[in-house]
Amino acid sequence: MPANVESMFSVREMPWHREGTILWDYPGDWDEARWLAGLDWEPVTAPVYAVTGMNPDGSEHYDPIDGWKAISRSDTGATLSVNRDTYTVIDHGEMGEIVEAVLAQPNVKWETAGVLDAGRSVWCLALLDEPIALPGDTSPTLPYLAITNRHDGTAACALRATAIRIVCANTFRAAELEGERTGTTFSFIHKASWRNRIDEARQAVTGARKEMRRYTELAQELLGIPINDRQRELFITQFIPMPPDGLVTDRVARNVEQARQAVRLLFDSQTTDQIGHTAYGLVQAAGEYLDHVRTARSWETRLNRTLIRPEPLKHRALSLVREVITA
């Protein structure tokens, strides 16, 4: 499938890449959710072999390689990665233990889930159905929990809190905006002891709610700060700066100006119409540009930017807003 998505579901909302199954109601449990997402297979382990000689019949002779094992798909047999034998698979059934720990809290619903990169990455996104209304902005802000798992040995299975502005799907974690760790990310390292952290996962909803309160306080502060046209243009030119003299070619200058114009157009769009002349509007426009206008190489790249990894430029946007309001 295009956009690096093998399979997924999304409740009511069509993803930007126009792929996956659209549901009109939330899955009832983890078994249903994983089936709808295409997660009804497991990552399984197998020995890794190397050719060590020839058999009497002339065929190659294979022996297992000590200390290594392969991770493959139970449905297709495709190899996902080769890892040290200390690597412990957290399979999709076991992900359900983490899922159920979260679902034990009230008001949690599965919004999206799916498979990326031929099965090397999988995810679920859970909604805490507790919309936050901000003065002057009629689009609701909702807290989410993203559960991600990788079967290629490059990252842990993790549970992260995130905030999404539904109208334009801007993703802002308060941790990113404030540039600090809030304790609402829980990593389950692929080691035999990963279950020791399952109790911590149960605190993620509480942590997300605390984080959303901090987000709300910050948003209300920014909504109360008016921004004039001069300050807005200063924000745009500093958010997307021109390279130093001597490094600017005509092509680079055009690209910079096109990017700046894209941000300007966001201030005239429906997503920032009510908040465009506030400090909050500057931050939201920056996030919309970074998440949806700026080019992404793949769906996984965009997912990483919006849900999984801190985006330094979003933190920079907040710092820059504080600078321009005093200019």
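Here is a short walk through this predicted model, from the whole chain down to one tyrosine. Local features need pLDDT of at least 70, side-chain atom pairs count only at pLDDT 80 or more, and totals for chains, interfaces and linings use all residues. Residues are numbered from 1 along each chain as its sequence is written, and side-chain values use heavy atoms, with hydrogens and water left out.

Start with the big picture. The protein has 10 helices and 12 strands, which are DSSP runs (helices H or I, at least four residues; strands E, at least two) numbered from the N terminus. Of its 327 residues, 52% count as buried, meaning under 20% relative accessible area with a 1.4 Å probe, protein chains only.

Three strands form an open sheet in the order E3-E4-E5, paired antiparallel. E3 and strand E5 (79–84) sit at the edges with a single partner strand each, so one side of each is left without a neighbour in the sheet. E3 and strand E4 (residues 60–73) pair in the antiparallel sense over 10 bridges; two strands pair if DSSP finds at least two bridges between them.

So where does our tyrosine come in? Tyrosine 49 lies in strand E3 (residues 43–54), and its bridge partner in E4 is proline 64. At 48% relative accessibility, tyrosine 49 counts as partly exposed, a class that lies between buried and exposed, the latter being over 50%.
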